[in-house]
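Q: Hi! Could you walk me through this structure in plain words?
A: Happy to, let's have a look at it together.

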Amino acid sequence: MSFLTIACSSGGATAPKTGEPENGGSSAAPGTAEAEPAREEVTVRWMRGENPAQAIMTDTPVLQEIQKRTGVAIELEPVPGSNYSDKKSALLSTNNIPDIMGVEASEVVRYANTGMFVAVSDYLDAMPNFAKIIEENPEIKKLYVDGKLYSFPITESYKIQGGKALLIRTDVLEELNLKAPTTFDELYAVLKAMKEAYPQSYPFSARGMSFMDAFSLGMGSGYGITYDDEENKYFYGQNKPEFKDVLTYLNKLYAEKILDPDFAINTKQNWDEKLSTGKSLFYYDNNSFAVNYNKALQEVDPDAKFDLIPYLKNGKGETKGWLYPKGWLVDNYVVSSKTKNPEALMRMFDWMYGPEGTLATNYGVEGETYEIADGKPAIMPSVIDKYSASGDPVRTMMSEIGLGLLALSVHVDEGPMVQGSSPDLVRWGDELAADPGAYYAPSLAPVFTEDETERLKDISSKLSILTEDVVKFIIGTKPLSDFDAWAKQLTDAGADEMEAIYNEALRRAS
């Protein structure tokens, strides 16, 4: 996501369904430890990037609720996403950051030892809600630098699950009396039958090489640095024998005109056009895109539909699916070491991670913007009606109330998004989360030393040049008989050393 390019979510959730608050409840009762206001009123500057999908308002019910519940008045400073990276870099390089600022995980690690940020882990004994978040999200350990944590990562309470998944025209399957494939061999047979029935089509299309990480993982290999969740280690994919099977499979699809000949150079726009008009009938990528494809297709043919199918069994008899990471841990908030009352900000963030703060920052104010029905929060119908005439009702509502990921929530509950989302998207999310072969891709790389970082840059530059040959293998301009020699070139360029560096850094974070 990053504070420069935050987008609509996709990723994993194992938390409560459809906006159900964690710990099974609504707001904490007034007078409890969590709801008790801070003794001293504090005003702070908070800067973050603004996404064009949801404008950031500086006087919202959520900001008022934060002040009411924690005693912290926030002077919000939104910066357009297109300018945020430059402004953030300038402030970091001059040690002139506001009280709170949105940064990426790599920036937390890079600047942690400068003394610029408050070490939030020093306050964990007084932050029970945040301590619980860390316990439930062990990947946060990768953000620690020399045993300390310097930031508040964005985590999830509930997220509409997304992933790089298999979406296929199920109406065409039905028309051709084909069963949904369950293996990669069956996928080939189904796509081949589609090509025979629709010879002008290229059944499988892709937006460049974005499908390769998930596709290779599914086939039992990897693409670039890949995390093995079963072995808890990283490996480099392309120089392994299993990757030749991936190339052989895709080469066959390409040679038989099943794979779009423009797969490697498709832009998102022309890829969308092919899938929205019936020129292509299958993809292995972000499942959420199919919502728009179905809308366009059904304007012409009401029965046309992309639908999700489960992850496939590979030649090893294994199933491995690629779910987007839990939370948005790459995006963090840091607190300036120059802030006047860090204890007050620690209390505020702890409240925001707790049940009451999670409700407030994702739903607003009970009785004004949301209600509790059957133990679950929901935006009130009157509030939804107020924004129904907007071009983007849900985002407009969330902007004006100050809700969710693109506002200030640090423990995101996408329940309000569910209320305005396609039922297919919500159903697919539930199916992906329940798929026994699915795993959550890691959102964070481990912390590297300066020497490791420099070495990785050197290795990566060499490997990237050699990786250009992947497309040549697929389209046949480089014969598969050259694979072993090419794999050795990758090893000689440092692929195995890259593995070792990642795994040593992972070991330190464990």
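Q: Which backbone atom lies 2.5 Å from a polar atom of the side chain of Ser 421?
A: That is the backbone oxygen of Met 417. Keep in mind as we go that this is a predicted model.

Q: Where is Ser 421, then?
A: Ser 421 sits in the loop between helix H15 (415-419) and helix H16 (423-434).

Q: And is Ser 421 buried or exposed?
A: Buried: the relative accessibility of Ser 421 is 18%, and the cut-off for buried is under 20%.

Q: What does Ser 421 touch, if we skip its neighbours within four places in sequence?
A: With those left aside, Ser 421 is in contact with Ile 160 and Val 426.

Q: Let's do a helix. How far apart are the end C-alpha atoms of H2?
A: They are 19 Å apart. Helix H2 has 13 residues (81-93), and at 1.5 Å a residue they should span 18 Å, which agrees.

Q: Which residues of H2 are buried?
A: Gly 81, Tyr 84, Lys 88, Leu 91 and Leu 92 are the buried ones in H2. Looking down the axis of H2, you find these buried residues within an arc of 95 degrees, so they line one face of the helix.

Q: Why would residues a few places apart point the same way?
A: An α-helix has 3.6 residues a turn, so residues three or four places apart point the same way.

Q: What do the buried residues of H2 pack against?
A: They pack against strand E1 (42-50), strand E2 (72-80), strand E3 (100-104) and helix H3 (105-111).

Q: And what is on the other side of H2?
A: There, Ser 82, Asp 86 and Ser 93 are exposed. Just after H2 comes Asn 95, with a positive phi of about 50 degrees.

Q: How many residues of helix H12 are buried?
A: Nine of the nine, residues 355-363, so H12 is largely enclosed by the rest of the structure. Among them are Pro 355, Glu 356, Leu 359 and Tyr 363. H12 is followed by Gly 364, which has a positive phi near 100 degrees.

Q: Where is Asn 177, and is it buried or exposed?
A: Asn 177 lies in the loop between helix H5 (170-175) and helix H6 (184-197). Its relative accessibility is 71%, so Asn 177 counts as exposed.

Q: Okay, strands now. How do E6 and E7 pair?
A: Strand E6 (residues 225-228) and E7 pair in the antiparallel sense, over four bridges. Tyr 227 stands opposite Tyr 234 in E7. The two strands form a hairpin with four residues between them, and Asn 232 in the turn has a positive phi of about 55 degrees. Asn 232 counts as partly exposed, at 42% relative accessibility.

Q: What about Gln 238, where is that?
A: Gln 238 is in the loop between strand E7 (233-236) and helix H8 (241-255). With a relative accessibility of 2%, Gln 238 counts as buried. A polar atom of its side chain lies 2.4 Å from the backbone nitrogen of Gly 224. Leaving aside neighbours within four places in sequence, Gln 238 has contacts including Tyr 223, Phe 243, Thr 467 and Trp 486.

Q: Last one: is Pro 310 buried or exposed?
A: Pro 310 is exposed, with a relative accessible area of 53%. You'll find Pro 310 in the loop between strand E9 (306-309) and strand E10 (321-323). Beyond its neighbours within four places in sequence, Pro 310 is in contact with Leu 166 and Asp 435.

Q: And how far is Pro 310 from Lys 340?
A: Pro 310 and Lys 340 are 30 residues apart in sequence and 53 Å apart in space, C-alpha to C-alpha.

Notes. Residues numbered from 1 in each chain as written. Predicted model: local features only at pLDDT ≥ 70, side-chain atom pairs only at ≥ 80, totals over all residues. Heavy atoms only, no water. Buried < 20%, exposed > 50% of the residue type's maximum accessible area, 1.4 Å probe, protein only. Expected span 1.5 Å × (residues − 1). Arc of directions from axis to C-beta. Contact = heavy atoms within 4.5 Å. Polar contact = N/O pair within 3.5 Å; in protein donor to acceptor, adjacent residues only side chain to side chain. Pairing = 2+ DSSP bridges.
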